Amino acid sequence: MAAVDVIVDNLTTLWRIPAVRQNFPWIFLLLSAVGSMLKELELVPQTYFSSSRNALNVYFVKVSWGWTLLLLTPFLLLSNSTFSRSVSFLSRRLLSLAVATAVWYVCTETFFYIEDATGSCYETDAMDIVKSEFISKITCRRAGFHWHGYDISGHSFILAYSALFIFEETAPMASLKTASISALPKTVLNLLYVALNLIVIIWVWMFACTSVYFHDPSHKLVGTICGLLAWHLTYRVWYLKPFSPGLPPQRHAKEHKGHA
């Protein structure tokens, strides 16, 4: 597993660079703006990723929150337990998963509601004949027609938010390199950490593909801003307060007795 150790060392070194940590969230705004401009100017040729049926979209993006929770939950439990095994501390840190899931659910349901509330049903994609008897997207689509409303990009939201969520919750890994951890938990942590970084790469790549191939510019921009706001209001505002899940620990338990 020496190769995995080297990869982990390189990744933790990368994420400790101040410029990387400070600028990573704004990459999504940049990609959304530049990608939208390229799409409107039709400067990007059609590729495998311009089809919504590409494998990464079907098997990863469409169930992106599932992948995020599947990998992040065991990582969060293992990494945080090396700082403190206090039930109250671990419960608070696990609460961050519940908060993030609630944010994901509320935002995506709100996007669906806005699309329903602002849309109409049309016989064709050209929006020439209105089918006023269908008043929701579901009934319209079931009838074989086309629904057009303000479709905030759920992909832009969830990919940005998931990547930032992982970015925050994997930060303790930099403090675990010198911690006394037995071989098996350390190996599992390392593998989970590498997998989570691969997922972040996939999320960023698919976010870029969404920006250059899909949705209207304002739909992508609003979705991206919602993802950034959700991250900022939790990790940069609420989690600094006493009554919150708190930020992920950054020091070893001996140096961080306040968590015990």
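Guide: Please keep in mind throughout that this is a predicted model.

Visitor: How many cavities of 30 Å³ or more does the structure hold, and what is the volume of the largest cavity?

Guide: At a cut-off of 30 Å³ or more, the structure holds one cavity. The volume of the largest cavity comes to about 50 Å³.

Visitor: Which element gives the largest share of the lining of the largest cavity?

Guide: The residues that line the largest cavity are Trp15, Phe24, Ala163, Ile166, Phe167, Thr170, Asn197 and Val200. Two or more of the lining residues come from each of α7 and α8 (183-213). The largest share, three residues, is supplied by α7.

Visitor: How many charged residues does the lining of the largest cavity have?

Guide: Sorted by class, the lining of the largest cavity has six nonpolar residues and two polar ones. As for charged residues, the lining of this cavity has no such residue, so the count is none, with Asp, Glu, Lys and Arg being those that would count as charged.

Visitor: Turning to the largest pocket, which element gives the most to its lining?

Guide: The largest pocket, with about 570 Å³ of space, is lined by 22 residues, and those nearest its centre are Phe112, Asp151, Ile152, Gly154 and His155. At least two lining residues each come from α4 (64-81), α5 (87-118), α6 (137-142), β2 (146-148) and α7 (154-169). The element that gives the most, with five residues, is α5.

Visitor: How many charged residues are in the lining of the largest pocket?

Guide: By class, this lining has nine nonpolar and eight polar residues. The number of charged residues in the lining of the largest pocket is five.

Notes
Residues numbered from 1 in each chain as written. Predicted model: local features only at pLDDT ≥ 70, side-chain atom pairs only at ≥ 80, totals over all residues. Heavy atoms only, no water. 1 Å grid on protein atoms, 1.4 Å probe; cavity = no way out; pocket = protein on both sides within 12 Å on 5 of 7 lines; lining within 4 Å. Points joined across faces, edges and corners; volume = space filled by probe spheres on them. Helix = DSSP H or I, 4+ residues; strand = E, 2+ residues; numbered from the N terminus.
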